Amino acid sequence: MPETLLEVEGLKKHFPIRSGLLQKQTGSVKAVDDVSFTLNKGETLGLVGESGCGKSTTGRMLMRLLEPTEGKIIFDGKDLTKISKSEMRKARKDIQMVFQDPFASLNPRHTVERIIEEPLIVHGLGNKQERKKRVKELLDIVGLSSYHAGRYPHQFSGGQRQRIGIARALAVNPKLIIADEPVSALDVSIQSQVLNLLDDLQKEFDLTYLFVAHDLGVVRHISDRVAVMYLGKIVEISDGDQLYEQPKHPYTQALLSAVPVADPDYKKERIILGGDVPSASNPPKGCPFHTRCPMAMSICKEVVPNLQEVEQGHLTACHLYGESK
Amino acid sequence: MDKPILEVKELKTHFLTDNGSVPAVDGIDFHLNDGEVLGIVGESGSGKSVTSLSIMQLVGQPGKIVDGEILFDGEDLVKASEKRMRQVRGGKIGMIFQEPMTSLNPVYKIGNQLVEALRIHKKMSKDAARKRAIEIMKLVGLPRAEDLMNDYPHQLSGGMRQRVMIAMAMICEPKILIADEPTTALDVTIQAQILDLMKKLNHELNTSIIMITHDLGVVSEVCDRIAVMYAGRIVEEGETKSLLRNPQHPYTKGLVESIPDVRYKKERLYSIPGNVPTPGSVKKGCPFAARCAFAFDKCSEDSPILIDLGDNHRVRCLLHEEENGAELLQTSMK
């Protein structure tokens with residue numbers, strides 16, 4: 001029986017829109033709107049979607065880098081939304097993050113040693129010598145050399161910097177790593193190095209990943225389960241192979257068909273969606289996808305579909321699959 | 001026989017810095033046939049963007065074309081005067097860039113930016129230019145074309161901005177469209193729309209296209225032929241089908257195998273060890289030798305030349321000079 005590490009329930013983030021002289025709230029951007037999922041120990045959940053769908057906001061809320069508007073984040077039995085800021089700081093020992101831009105997320109004035117050591121200092125782990133030893137160990141784990149410790153971030157390539165970011169996240173032995181687009185800034189040949197590293201680390205340290213990305217190929221490769229987001233909502237969530245081979249939601253189907261494949265012999269029916277993603281400050285009534293959906297029915301304009309199980313472990317929010325199971 | 005509309009011969013673009021000359025593009029040859037879509041593929045620092053800027057004579061200081069010819073319809077653009085280049089840019093060769101927001105002027109209305117090219121190149125009247133601008137906006141699939149003329153770039157979404165860029169590049173009906181990573185900043189569903197549009201322009205207006213990208217998937221969808229660049233050189237060139245089905249350069253082969261596939265889960269991704277060398281750092285031998293799974297003693301000594309494998313397929317690899325080189329390449333990489 002898989003052990004649940006993280007349970008997210010009805011998570012919402014609404015950013016207020018203020019206008020006028022008195023800065024009265026005149027509306028809100030519903031960046032994340034009622035998202036629920038669970039994450040089992042040792043698994044990787046991929047969170048995919050296009051820009052503005054709320055996938056990064058979701059990741060940030062789990063760390064409480066952004067305060068959720070509503071909802072529960074139950075991590076290891078504790079609701080993270082209920083605890084104080086100082087308790088949260090302690091809880092972050094178990095949840096670490098790897099960021100997208102390896103150029104912006106490392107302090108350019110600190111040496112690599114100082115960067116990797118920082119979480120250890122923050123959480124009061126070890127003395128100076130032990131920390132130094134740990135840094136060397138971590139550099140070795142992520143495929144860098146111990147002589148790199150004294151260098152500065154600008155002396156490294158993008159792929160190496162991302163390795164430093166990963167070493168920093170690993171420093172405090174976290175249970176969960178939230179990786180927000182960790183390979184999207186990297187070249188293809190470097191991307192596969194980092195993906196393989198993440199794979200190896202997961203096996204070695206029994207890590208759980210929440211992997212946020214827009215690249216569907218990368219997500220398929222790394223994830224056990226995948227959730228697809230659109231306009232702040234999860235529209236489909238399932239086991240990875242199942243989702244890629246038998247997508248249920250019309251948005252997932254269109255998304256998958258739009259991915260260019262580097263195989264000239266591969267012929268596929270491409271679904272080209274018209275228009276753009278609507279604004280999250282004024283989402284369409286009913287199903288958020290109905291304005292672009294090739295299969296929209298009249299009910300879609302009125303009623304928001306619920307996420308429901310259509311097959312064992314395969315949930316989708318679409319009226320095509322009826323309201324009852 | 002296909003007639004080339006653009007021929008690049010022995011092009012060398014170097015950046016003359018305080019630390020010496022950096023060869024960003026180090027002797028490349030390729031041609032673009034009339035009505036063809038050519039993909040130039042490479043990772044960052046391979047020289048693909050510098051190649052496109054060289055064609056347009058837009059390489060800024062301290063970059064300089066130090067050698068070679070760029071023949072457009074028989075005319076050498078390297079020797080062309082600045083005045084002539086102004087006629088060529090936008091008029092004969094259109095270009096679109098990766099980030100549409102930084103290539104559009106934020107303080108001018110879309111309409112003004114679109115008609116500018118017509119007023120300059122075609123000396124059209126304001127009314128005629130406006131009419132033509134609306135026509136081209138409709139052609140590239142922009143909705144509400146009349147209203148959009150009065151909008152500013154920030155009012156449009158990323159996909160629409162890229163359509164405006166394409167409209168601007170296409171408005172004078174150029175013979176060649178150079179697209180430098182046109183879909184990299186876009187979401188995958190929007191990317192599909194833009195790629196579809198580029199194929200349409202190629203078919204309906206017979207515009208020849210040079211597509212510069214790092215994404216082999218994009219290339220496979222739209223290009224007839226591909227040139228793969230590494231460290232300022234073309235390492236492999238061929239028709240899309242044969243090149244992707246049967247890559248003959250270890251680098252191309254490594255790239256193809258390191259892409260995660262949406263169709264199935266690979267057990268483990270192949271990864272090319274190490275990093276792309278900084279231009280000019282490899283003085284002797286093949287620049288890929290240090291990362292190559294097939295490198296042998298010759299590779300660190302001799303500079304490989306482009307070998308013709310027949311069927312328009314050329315490769316720059318010493319392995320193909322060896323007797324059993326091609327077979328060796330077929331053995332899978334660890």
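Biologist: In this predicted model, which residue of β2(A) is the bridge partner of A:Phe15?

Modeller: The bridge partner of A:Phe15 in β2(A) is A:Val29.

Biologist: Why is A:Arg64 called partly exposed, rather than buried or exposed?

Modeller: A residue counts as buried with 20 or more other C-beta atoms within 10 Å, and as exposed with 12 or fewer; A:Arg64 has 18, and therefore falls in between, as partly exposed. A:Arg64 lies in the loop between α1 and β4 of chain A, and its phi is near 55°, a positive value in a residue other than glycine.

Biologist: What makes B:Glu181 a buried residue?

Modeller: The cut-off for a buried residue is 20 or more such neighbours, and B:Glu181 has 20 C-beta neighbours inside 10 Å, so B:Glu181 counts as buried. The place of B:Glu181 is the loop between β7 (176-180) and α8 of chain B, and its phi, near 45°, is again positive in a residue other than glycine.

Biologist: Where in chain B is there a cis peptide bond?

Modeller: The bond from B:Gln61 to B:Pro62 is cis, with omega near -5°, and B:Pro62 is found in the loop between α1 (48-55) and β4 (63-72) of chain B.

Biologist: How do you know that the radius of gyration of chain B agrees with that of a compact globule?

Modeller: A compact globule of 334 residues would have a radius of gyration near 20 Å, and chain B has 21 Å, so the two agree. Buried residues make up 49% of the 334 residues in chain B, and its C-alpha atoms fill a box of roughly 65 × 50 × 45 Å along the principal axes.

Biologist: Into which domains is chain B divided, and how many residues does each give to their contact?

Modeller: Chain B is divided into domain 1 (4-92 + 174-330) and domain 2 (103-172), and 30 Å separate their centres, taken over C-alpha atoms. The contact takes 12 residues from domain 1 and 11 residues from domain 2 of chain B. On the domain 1 side, the largest share, 5 residues, comes from helix α8 (residues 188-205) of chain B.

Biologist: How many residues of chain A are in contact with chain B, and which helix gives the most?

Modeller: In all, 35 residues of chain A are in contact with 39 residues of chain B. On the chain A side, α6 (188-205), α7 (216-222), α8 (240-245) and α9 (250-258) each supply at least two residues, and α6(A) gives the most, with 7 residues. By class, that side has 17 nonpolar, 10 polar and 8 charged residues.

Notes: Residues numbered from 1 in each chain as written. Chains lettered and ligands numbered in written order. Predicted model: local features only at pLDDT ≥ 70, side-chain atom pairs only at ≥ 80, totals over all residues. Pairing = 2+ DSSP bridges. Helix = DSSP H or I, 4+ residues; strand = E, 2+ residues; numbered from the N terminus. Rg over C-alpha atoms; globule rule 2.2 N^0.38 Å. Contact = placed C-beta atoms within 7 Å. Nonpolar A, V, L, I, M, F, W, Y, C, P; charged D, E, K, R; others polar. Domains from an automatic or database assignment.
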